[in-house]
Amino acid sequence: MEPPDKLDKCLAILVLRAVGLHEPPAATKKVLSSQEGVASMLGLGKPKVVATEKWFRGSSYKAAAVECEDEAIKSVTEGLLVDLEGMTAELMKKARQITQKDILRNFRPDYIENNVNFTFRSKLQEHWNNLAIAARGLATNTRLVFNTKGYIMGDITSGYIYTSGVFDSEEQTPLNKVSKTHAMYLLPHLCVEFPEFETIIDWRRLTAQDISERISKGMLDNLNLLSQRTSFLGTCEVCESWK
Ligand SMILES: [Zn+2]
């Protein structure tokens, strides 16, 4: 598979995308590491960023690992990135910390079988299983909101959905209980693969209306997909150090 641009440019995209991807999706960090943010920093169109990630995922693991060796990352960081307009000291500091492992971890679903050391493998799988359970619960609750068009008492991770019943009465249906912490850790993982989830900062703050407006049918399908697949890309604050 041919890279969609010069290799150093592709690598610059991956490094910038990896910066902040493992962090909680606070608004400022998301702007920096979103596909749009990275495209605009590098003066490219977003499709180039999308194509680069696709190319990197589609290459063989060995080829991908060679493309992002630590030396190559260093040369791109100290060459292409350091002089970029909009580059801040804080962002540069983070870019300098990105390693080959970070890039592979963020963009290769087969990272675990190729790299993660044995001690961390079972921990990581357990973490992923918990994220998958949270994804399934959130998908079920989201579908309930879609189907009933009611309003939420509590929030999408717990509580009830109220809908109007007969004679103006209200009927309440309990939502599935979803671990709030796992729902939170799920977000950075989700955003790596499906950037459309970047508009969700905190599941608990979503009203029924937000859910209908911000979660599309396609996003719901992707939540379901991950809950079945039980493997995730990227890292969150829990699994970041497991390499
Ligand atoms: Zn994680």
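Two strands pair, in my notes, if DSSP finds at least two bridges between them. Helices (H or I, at least four residues) and strands (E, at least two) are DSSP runs, numbered from the N terminus.

**Entry 1: ground rules**

I am working with a predicted model, where local features need pLDDT of at least 70, side-chain atom pairs count only at pLDDT 80 or more, and totals for chains, interfaces and linings use all residues. Residues are numbered from 1 along each chain as its sequence is written.

**Entry 2: the sheet**

I began with strand β2 (residues 158-164) and found that 5 bridges join it to β3, the two running antiparallel. Looking at individual positions, I saw threonine 163 opposite glutamate 171 in β3, and serine 164 opposite glutamate 170 in β3.

Next I turned to β1 and β2, which also pair in the antiparallel sense, over 5 bridges. They form a hairpin with 2 residues between them. Here glycine 154 has glycine 159 in β2 as its bridge partner, while methionine 153 has tyrosine 160 in β2.

In what order do the 3 strands form the sheet? I read β1-β2-β3, an open sheet with antiparallel pairing. β1 (151-155) and β3 stand at the edges with a single partner strand each, so one side of each is left without a neighbour in the sheet. The twist averages 25° from one strand to the next; for angles, axes are lines fitted to C-alpha atoms, for helices over the stretch in contact, and the angles run from 0 to 180 degrees between N-to-C directions.

Helix α10 (residues 118-148) packs on this sheet and touches β2 and β3. The direction of α10 makes about 10° with that of β2. Contact is used here for two residues whose C-beta atoms, placed from the backbone, lie within 7 Å.

How many of the 5 residues of strand β3 (residues 170-174) are buried? I counted 0, so β3 lies largely in the open. (A residue is buried if 20 or more other C-beta atoms lie within 10 Å of its own, exposed if 12 or fewer, and partly exposed in between; C-beta atoms are placed from the backbone.)

**Entry 3: isoleucine 73**

I then picked isoleucine 73, which lies in helix α6 (residues 70-81). It counts as buried because it has 24 C-beta neighbours inside 10 Å. Leaving aside its neighbours within four places in sequence, isoleucine 73 is in contact with Leu11, Val15, Cys68, Ile98, Thr99 and Gln100.

I followed that up in the helices. Helix α1 (residues 7-18) and α6 pack at an angle of about 90°, with their axes 9 Å apart. That makes α1 roughly perpendicular to α6, a label for angles of 65 to 115 degrees, with under 35 roughly parallel, over 145 roughly antiparallel and the rest oblique. Asp8, Leu11, Ala12 and Val15 in α1 meet a set of α6 residues, among them Ile73, Val76 and Leu80.

**Entry 4: stepping back**

For the whole protein I noted 13 helices and 3 strands. Its radius of gyration is 20 Å, close to the 18 Å that the globule rule gives for 243 residues, so it is as compact as a globular protein of that length. (The radius is taken over C-alpha atoms, and the rule is 2.2 Å times the number of residues to the power 0.38.) Buried residues make up 36% of the 243.

The domain assignment, automatic or from a database, gives domain 1 (7-113) and domain 2 (118-240). I find their C-alpha centres 27 Å apart.
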